[in-house]
Amino acid sequence: MENEEDNIFWVKIEGEKRLATINLVPGNQVYREKLVKIDDEEFRAWDPYRSKLGAAIMNGLETLPIVRKSKVLYLGVSTGTTASHVSDIVGPNGIVFAVEHSSRVARDFLERVASFRSNIVPILQDARSPKEYFSVYGPVDVVYVDIAQPDQTEIAILNCKTYLKKGGYMMLVIKTRSIDVTREPSQVMRSEAKKLSANFEIVQEINLEPYEGDHGMIVAKYLG
């Protein structure tokens, strides 16, 4: 993996090599993940069966544009499992603008994750209305999208046009069954990638099985 920032790690936990991040909030667990102390750092095991970004890394993600000090717009943060690891990666000088539409899910995210992490800005808003995110300031480095909607790619593009800096990256999770249950997942991935051709350069397409069935991820560089 191309990654000069040393923001993700492989650590030995109970004799097994596991993906992990340095815990921004030592002693705090988000989803009962294993914590392990090595030298002066506490690491959190990153479960790829609970995180699509973790699954992408396990399946050969070549470039992780989320690094220390990154500004990340995260659409569809849900209860915050992946967002907590993104928070670890960007560190105290980075920021995660975390958008969630469901007030019930957002409450859980606030209680379990955002209230402990000063680099997360929770935004209760519909991702279809990016101009309503009054908490987002300046262009962001990465837009991470995990929203299970038939028009998820169009929503992602709109958010990138609103907030993503030129040369920044979008990481788009494709839930193929949400888009078209009648077509093969690989066909859906290809058709969604084509929608990006006008504004993006496709960097990589990744199948997330066996960690996430009927899911893929597209990593794309924003051309403006």
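A: Let's start with the term itself: a salt bridge here is a side-chain nitrogen of Lys or Arg within 4 Å of a carboxyl oxygen of Asp or Glu. Side chains of opposite charge can pair when their charged atoms come close. A search of the whole structure finds nine salt bridges.

A word on the source: the model is predicted, so local features need pLDDT of at least 70 and side-chain atom pairs count only at pLDDT 80 or more, while totals for chains, interfaces and linings use all residues. Residues are numbered from 1 along each chain as its sequence is written, and side-chain values use heavy atoms, with hydrogens and water left out.

Because arginine 44 lies in strand 4 (residues 41-45) and aspartate 88 in helix 2, the pair ties together parts that are 44 residues apart in sequence. Helices (H or I, at least four residues) and strands (E, at least two) are DSSP runs, numbered from the N terminus.

Aspartate 88 also forms a salt bridge with arginine 117, at 2.8 Å from N to O. This pair again links distant parts of the chain, since arginine 117 sits in the loop between helix 3 (103-112) and strand 7 (120-124), 29 residues from aspartate 88 in helix 2.

How do these partners sit relative to the surface? Buried means under 20% relative accessible area, exposed over 50%, and partly exposed in between (1.4 Å probe, protein chains only). Arginine 44 and aspartate 88 are both buried; aspartate 88 counts as such because its relative accessibility is 8%. Arginine 117, at 2%, is buried too.

Now for another pair: glutamate 154 forms a salt bridge with lysine 195, and their closest N and O atoms are 3.0 Å apart. Here the link runs from helix 4 (residues 152-163), which holds glutamate 154, to the loop between helix 6 (185-194) and strand 10 (200-207), which holds lysine 195, and the two are 41 residues apart. Glutamate 154 is partly exposed, with a relative accessible area of 37%, and lysine 195 is partly exposed at 35%.

Finally, back to shared partners: salt bridges join Glu33, Arg44, Asp88 and Arg117 into one network.
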